[in-house]
Structure formats: structure tokens, C-alpha cells
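Open the model in your viewer and keep the selection tool at hand. Each stop below tells you what to select and what is there.

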Amino acid sequence: MNKNKAIDFVNFIVPIIFLISWMVLPVILNTPEYLIPSLGKVFQSFLDFITGYKELNTYAGMFFKHSTASLYRVIIGFLIASISGIVFGVLSGYFLIAKRLFDPFIHIIRMIPGIGWFPIAMVWFGVGNKTTIFLIALAAFFPVYVNTIRAVSDVDKTLIDASRVLGANSKDVLKTVIIPSSLPGIFSGLRLSMGVCWSYLVLGELTGVNEGLGAVMMDSRMFGNVDMIIVCMISISIWGRICDLILQGVFKFLTPSIK
């Protein structure tokens, strides 16, 4: 019990040091607020962004509106990336012919940086949800695929051979051995993919969309509202962490025997 409490306390050490440094260092270094706004100002802007109680700026009370727009894009992009990544990863990890067909081409595409797709995505889809979702899904696909194919390839061959001896066909082996044994690796890929989704959300929303946390960041930069840029960064980190915790919860639900 004491050990657990100590671990919980240690988790707060770095955030506390960071917050104290944020309060103290700008005062010591005499840093202007337009470069590093005070912690109090950021807190007020964040509270106003959620509640709209003081209407400090044009974004007052619009937190959930912009968060909903961003969450929609992230969820759609993540679902496309995760489903396609798992399907191609399982096929390439289990069937040699599928790996020979897809794996070289996928890794060639993976070498193109996500931002390199930005201009052509604008040509193909214009400004709006389609461009953002495309960039998110494309970038988030690769962590899922790479981790899935590795997880499937690393499944103990003894288990596969034993299931075949017991009369299991390829479909049964995939369903009862490959997928369950690969779940830890697959979910590692999904967690990485979720982080990538939020990263590319900002890139996609900088294209000029009207709603979304990335759009607010872009507008805030243009008007010099550094406090709102930081507020949006905090908002993205909060939503990203919530999504990560949900993924962890789903994994624990599907694999209750794994600690």
C-alpha cells in the first residue's frame, strides 16, 4: 500500500516542477507575456474557453464545439487507419504471399513524410474534413501495420503447430491462436497510432477549416493570442490522454488474464 502511494506521489513531481518553473522563470528572466503568458492568464483563458464566463476573447465558451470537430476527425481517421492497418498487418504477418505483395510497397509509401502528402491532399480534397481525415488516416496507418505484422510474426510457432495437430484449419488458427496472441502488439500499435492522429490533426486543421482545436491555434497565432495557443495544446493533450486511457481500458477488457 505504501509503495503504491509513493509511486502515485512520484508521478506528480515533474508536473509540479514544471508549473513552478513556469511561474518563476518568466519573472526572473523578465520575459514578456506575448512570448510566455503567465500561468494565471492561461488558466483564465482555459476556463473561459470552457465556460465563457468572462468572454475574454472570441473563443469563449467554444471548447466543446471545437473539441467535437477535432474528435470527429481523429476518430474517423483512427478507425480507417486501425482497421486497414490490422487487416493488412495480419494478412502480411500470417500469409507469406500477402507479405510479398504488400509489405515492400507499404514501406516505400511509409518513407514519404506525412507533410509531403499535404499539397496533393489539398489538390485532391480541398479545404475541410476530407483533407484532415486523409492525412490522419494515412499517417496513423503505419504504426498499426508495423506493430501488427511484427506481433503476428512473433506468435509462438509451437502454438500454431499444436492447433493444427488438433485439427484446426487456417481460419481457426487465425481466430483462436494468431489474433489472441497478437493483441498486446496490436494495441501497442493502436496507442502509437492514436498519438499520431492528434499530431496530424493539427496539420490538417491548419489548412483553413473553420472549427477544431488546430483551427483555433492557427487563428490565435495570427492574432498573437499565445495564451490560446497554449490552451489548445493543453486541450489536445487532455483529449489525447483520454483516448489513450480508453484504448488501455478496451485492451484490459479483451485480455483480462494479461496483467
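Select helix α7, residues 129–153. Of its 25 residues, 18 are buried, so α7 is largely enclosed by the rest of the structure. From first C-alpha to last, α7 reaches 36 Å, close to the 36 Å expected at 1.5 Å a residue. Keep in mind that this is a predicted model.

**Salt bridges**

How many salt bridges does the structure hold? There are five. Begin with R150 and D154. Their closest N and O atoms are 3.2 Å apart. D154 counts as exposed because its relative accessibility is 51%, and the cut-off for exposed is over 50%.

Next, select D244 and R191. This salt bridge has its closest N and O atoms 2.8 Å apart. D244 lies in helix α11 (residues 226–254) and R191 in helix α9 (residues 170–205), so the pair ties together parts that are 53 residues apart in sequence.

R241 and D244 are three residues apart in helix α11, so about one helical turn separates them. An α-helix has 3.6 residues a turn, so residues three or four places apart point the same way.

With R191, R241 and D244 all displayed, you see a network of salt bridges. Which of these residues is buried? D244 is, with a relative accessible area of 12%. R191 is partly exposed at 39%. R241 is also partly exposed, at 45%.

**A serine in α4**

Go to S67 in helix α4, residues 63–94. Is S67 buried or exposed? It counts as buried, because its relative accessibility is 1%. The S67 side chain reaches the backbone oxygen of F63 at 2.8 Å. Leaving out residues up to four places away in sequence, S67 touches L213 and W239.

**A serine in a loop**

Now select S38, in the loop between α2 and α3. S38 is partly exposed, at 28% relative accessibility. Beyond residues up to four places away in sequence, S38 touches W22 and E33. Draw a distance from the C-alpha of S38 to that of L183: it reads 44 Å. The two residues are 145 apart along the chain.

**The nonpolar patch**

Last stop: show the surface and select F12, I16, I20, M23, V24, L25, I28 and L29. Together they form a nonpolar patch with about 790 Å² of accessible area. Zoom in on I28, which lies in helix α2 (residues 13–28). I28 counts as exposed, at 60% relative accessibility.

Conventions: Residues numbered from 1 in each chain as written. Predicted model: local features only at pLDDT ≥ 70, side-chain atom pairs only at ≥ 80, totals over all residues. Heavy atoms only, no water. Patch = residues over 30% accessible without salt bridge, like charges linked within 9 Å, V, L, I, M, F, W, Y side chains within 5 Å. Areas by Shrake-Rupley, 256 points an atom, 1.4 Å probe, with all protein chains shown as cover. Salt bridge = Lys/Arg side-chain N within 4 Å of Asp/Glu carboxyl O. Helix = DSSP H or I, 4+ residues; strand = E, 2+ residues; numbered from the N terminus. Buried < 20%, exposed > 50% of the residue type's maximum accessible area, 1.4 Å probe, protein only. Polar contact = N/O pair within 3.5 Å; in protein donor to acceptor, adjacent residues only side chain to side chain. Contact = heavy atoms within 4.5 Å. Expected span 1.5 Å × (residues − 1).
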